[in-house]
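Trainee: Could we go through this one together, starting with the rings and then moving on to charges and strands?
Mentor: Happy to, so let's have a look.

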Amino acid sequence: MYSCNDENRYPTFHVEHYIRQHYGSRFLYIYRNVKKYYYRLNAVQLDIVFLKTCRSKDIIPSFLWFKTANDHLSSSPVYKACQRKLLNVEIDGKRKKLNELKELYESSLDEIRELSPADFFEHLYQIIILDCARLLEEKQRTLNKKLLSLSPVNNSARFYNPKVVTNLSSRVLSNEELICLANGLDYSLPPKSISSMNVASNVETFFHRITDVYEHQKKFMNEHQDNEVIVKSDLRVLNTKELTLASDLSSLTKSFLQKADRHQIQKNKFNFEQKNYRKLMQELKNDTSIIATRPDKGKGVVLMDKQEYVNKMHSILNDSSKFASLSEDPTVTRENSLISLLRKLHDQGHITNQFYYRARPTGSKPRRLYGLPKIHKQPVSLRPVLSSIGTFNYRLGKVLTQMLSDLIDKKRLIRDSFSFVKDLHTLDDPLSTYKMVSFDIVSLYTNVPVDETINIILKELYETRPVPPTIERNDLKKLLTFATTKSHFLFDGKIYDQIDGVSMGSPLAPLVAEIFLQEFEKKNSSVFEKLGIIYWKRYVDDTFVLLNPEFCAEKVCTELSKLHPSVKFTSQEEDAVTHKLSFLDVRIQRQEGKGFQTRIYRKPSFTGLITKWNSFVPKTYKYNSISTMVFRAIQICSSYKALHAELQIIRKISKKNGYPTNFVESIIKRQLNIKYVPPIPRPTTLSTDTVVLKIPYLGKESQVYGKLVTSSVAKQYPLKKVRVVYDVSDRIGRNFIIKDAVPDDLKSGVVYEATCSQCNNSYIGQTYRYLKTRINEHLSDQKKFLPITLKMPELNKKKKKVSQNPVPLYTGPITR
């Protein structure tokens, strides 16, 4: 903006009269041209954004609708294709006009700059911007209204799906709030801003993994994680390839960040819908009396009164046979106990270095409990879910899962619905004379007998197998106990302990449950035959059975429940008339003596919600939303009639979510070609190492940046394969967080600032361990007479998201 001195020296009003008196008519003529070209230039830019928005949403502007000799031609694909081509031609014409106006504007601006003093030129330039701003805002509002009237996605009467939103709260939602929430919690808006620090951090981590710098630093990182000691001898000079790649990544990232800033300005020109959505979500977020979450089954949004939600969760936690309240948080104690056990086993040579470093916890946090409403059942109850990533025994569970995975016998297992349907169609026709029944185990994970299952594992490893593991039997038992029990969690500011069943949320829990059920089936296989069970296949806790028609399914279910005190079954029998049964989202119809017919089955809880077409996510996400449904239909539907009916349903679902018809049809055609036309065999390629690059998604700018980085890496490291992952951060669901926040003193992987209370000198550090552990070390070093005041995270402590093996910041020699 111009300064106060300029305002006093030059007039703000009647500028043209002032110019005519002091600079003459020629100068006034040039000034008017600059003003005219400035307005037209910005107006054409708005037109281009409007037209490109129409193209991206498959909307045809009204000026491209033309009459045909026959009315039915206006609904033909050829007519639509012609409109799209004309829209592209119009965009190209606007771009040419934009370039012409830019040249005229710049030449006129240079001319007036030469004829006027610098301060007067700046004053005139600001006057031009202010005068044109009102006209440009008016034009933008007009284009916004046009876009709203043309866009079918914004037509709430047509596209609002009431099944998506379930309001169980006392708050009465407005129509606008319902329309916004009906997009789903995964609906994404263009980000307001991106963190340049996060981008730089991701690129640095990417560089370390592409080059050998990351491997070179592993030992240093392990030592640093142990006691945060700096190894001063750690010095490394980059070679030519690494320096070239570092330079390319630096320049490409700087260019990307500059384009990102321009992207934000451009997106804000048509942010009328996003602004409204943000405002509505902020109002709902500010209402602390309600919570919003997804349902237990299906996609959607459920609103509940917070007090009712907390009461329902407490009714679950009040079961003293399953949970116990703790007076203090045992996270640090249990982490130290596990570290001590792992260190002892490592020193004794019973576990390898890889096992030790992969299983050892660092800066763990307590589990966090939340509930998902079971809206398909009345009265509505909650399914408890534990978020376990980053807990003290999470990494140990993952390592043990890999170690014990070969204990699983896959003979009776169902891998997925595709393999289930394939096996079903290969059964002999005489088996179709037996009736179909599905059995479901009640509350499997919380009822698995942990001690019994651990003994089953130990017996198999140390008694049945000829070569036992290098770990001692008792030591492995301790590790299994650590991984499956001692599961404490945080809810509503209080700490609880799960005292029965396998630990919910543990990566080892599915394997432990599978081993237990496998042993259950092995012991009782002869009983199954006596009960008339001819065919038994299981997916986790759901079992598909072919039963002799002479046996009653309910009685068989009762007998199965008597075989073990921890296993209780429920049953569902096929329809007596149609011989149909639903299992794993597959509708199975038994045809006696002929086999089985299959097709897609959707539960009553299905809402029809998929990724919205106007959601700000990469196009591949939208492509995959359709292609997965089409692929599933092709694999599961056993007849062309069923496949045709399913493809029609997919078309309807896609249309309700705003997808263009030609986009959906092209995916269907491609998937059918893959199925029925044999693909051309591709030549084998050399095995490559895949490295992930995480990029904030900003549209085309992010995709171009990802391609340039991939190309730059391919020149220097051709055997490295880059996998670009786009970070879609600004989703509606991020406004509603129902998990308890981790206490500040138990946060890890943070950058913190400590300030001296006497001299105000500050120290910035980082730690992978608990913040309170590092604080205590600082306080101990200061010997009490130099107290420090730690600024809390809300003010000056900045959290830093780190990877599994991040490269720590330190003050020693630089490695890049």
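Trainee: How many aromatic pairs does the structure hold?
Mentor: Keep in mind that this is a predicted model. Two rings of Phe, Tyr or Trp pair if their centres lie within 6.5 Å. By that criterion, the number of aromatic pairs in the structure is 31.

Trainee: Is the aromatic pair of F418 and F631 stacked or edge-to-face?
Mentor: The centres of F418 and F631 are 5.5 Å apart, with 80° between the planes. Planes over 60 degrees apart count as edge-to-face. The F418 and F631 pair is therefore edge-to-face.

Trainee: How many residues apart in sequence are the parts that F418 and F631 tie together?
Mentor: F418 belongs to helix α17 (residues 417–425), while F631 belongs to helix α24 (residues 619–636). F418 is partly exposed at 30% relative accessibility, and F631 is partly exposed at 35%. The parts tied together by this pair are apart in sequence by 213 residues.

Trainee: Which residue has its charged end over the ring of W613?
Mentor: There are two such contacts worth a look here. In one, the charged end of R602 sits over the ring of F606, 5.3 Å from its centre. In the other, the distance to the centre of the W613 ring is 5.0 Å, and the charged end belongs to K622.

Trainee: Now the charges: what is the N to O distance in the salt bridge of E138 and R141?
Mentor: Side chains of opposite charge can pair when their charged atoms come close. E138 and R141 both lie in helix α5 (residues 118–150), 3 residues apart, about one turn of the helix. E138 is partly exposed at 41% relative accessibility, and R141 is partly exposed, also at 41%. Their side chains meet in a salt bridge with an N to O distance of 2.7 Å.

Trainee: Which strands does the salt bridge of K435 with E573 tie together?
Mentor: The closest N and O atoms of K435 and E573 are 3.0 Å apart. K435 is buried, with a relative accessible area of 10%, whereas E573 is partly exposed at 37%.

Trainee: Are R590 and E574 buried or exposed?
Mentor: The side chains of R590 and E574 meet in a salt bridge, 2.5 Å from N to O. R590 is in strand β14 (residues 586–591), and E574 is in the loop between β12 and β13, 16 residues away. For accessibility, both R590 and E574 are buried.

Trainee: Which strands stand at the edges of the open sheet of 4 strands?
Mentor: The sheet has the order β10-β11-β7-β12, with antiparallel pairing. Its twist averages 25° from one strand to the next. Each edge strand has a single partner, so one side of each is left without a neighbour in the sheet; these strands are β10 and β12.

Trainee: Which residue stands opposite D440?
Mentor: β7 pairs with strand β11 (residues 542–547) in the antiparallel sense over 6 bridges. The residue facing D440 lies in β11, and its name is D542.

Trainee: Which helix lies across β7, β10, β11 and β12?
Mentor: Helix α21 (residues 509–523) packs on the sheet by touching β7, β10 and β12, and its direction makes about 175° with that of β10. The helix you ask about covers residues 553–561 and runs at about 160° to β12: helix α23.

Technical notes: Residues are numbered from 1 along each chain as its sequence is written. This is a predicted model: local features need pLDDT of at least 70, side-chain atom pairs count only at pLDDT 80 or more; totals for chains, interfaces and linings use all residues. Side-chain values use heavy atoms; hydrogens and water are left out. Rings of Phe, Tyr and Trp (its six-membered ring) pair if their centres lie within 6.5 Å; planes under 30 degrees apart count as stacked, over 60 as edge-to-face and the rest as tilted. Helices (H or I, at least four residues) and strands (E, at least two) are DSSP runs, numbered from the N terminus. Buried means under 20% relative accessible area, exposed over 50%, partly exposed in between (1.4 Å probe, protein chains only). A charge sits over a ring if NZ of Lys or CZ of Arg is within 6 Å of the ring centre and within 35 degrees of the ring normal. A salt bridge is a side-chain nitrogen of Lys or Arg within 4 Å of a carboxyl oxygen of Asp or Glu. Two strands pair if DSSP finds at least two bridges between them. Axes are lines fitted to C-alpha atoms, for helices over the stretch in contact, and angles run from 0 to 180 degrees between N-to-C directions. Contact means heavy atoms within 4.5 Å.
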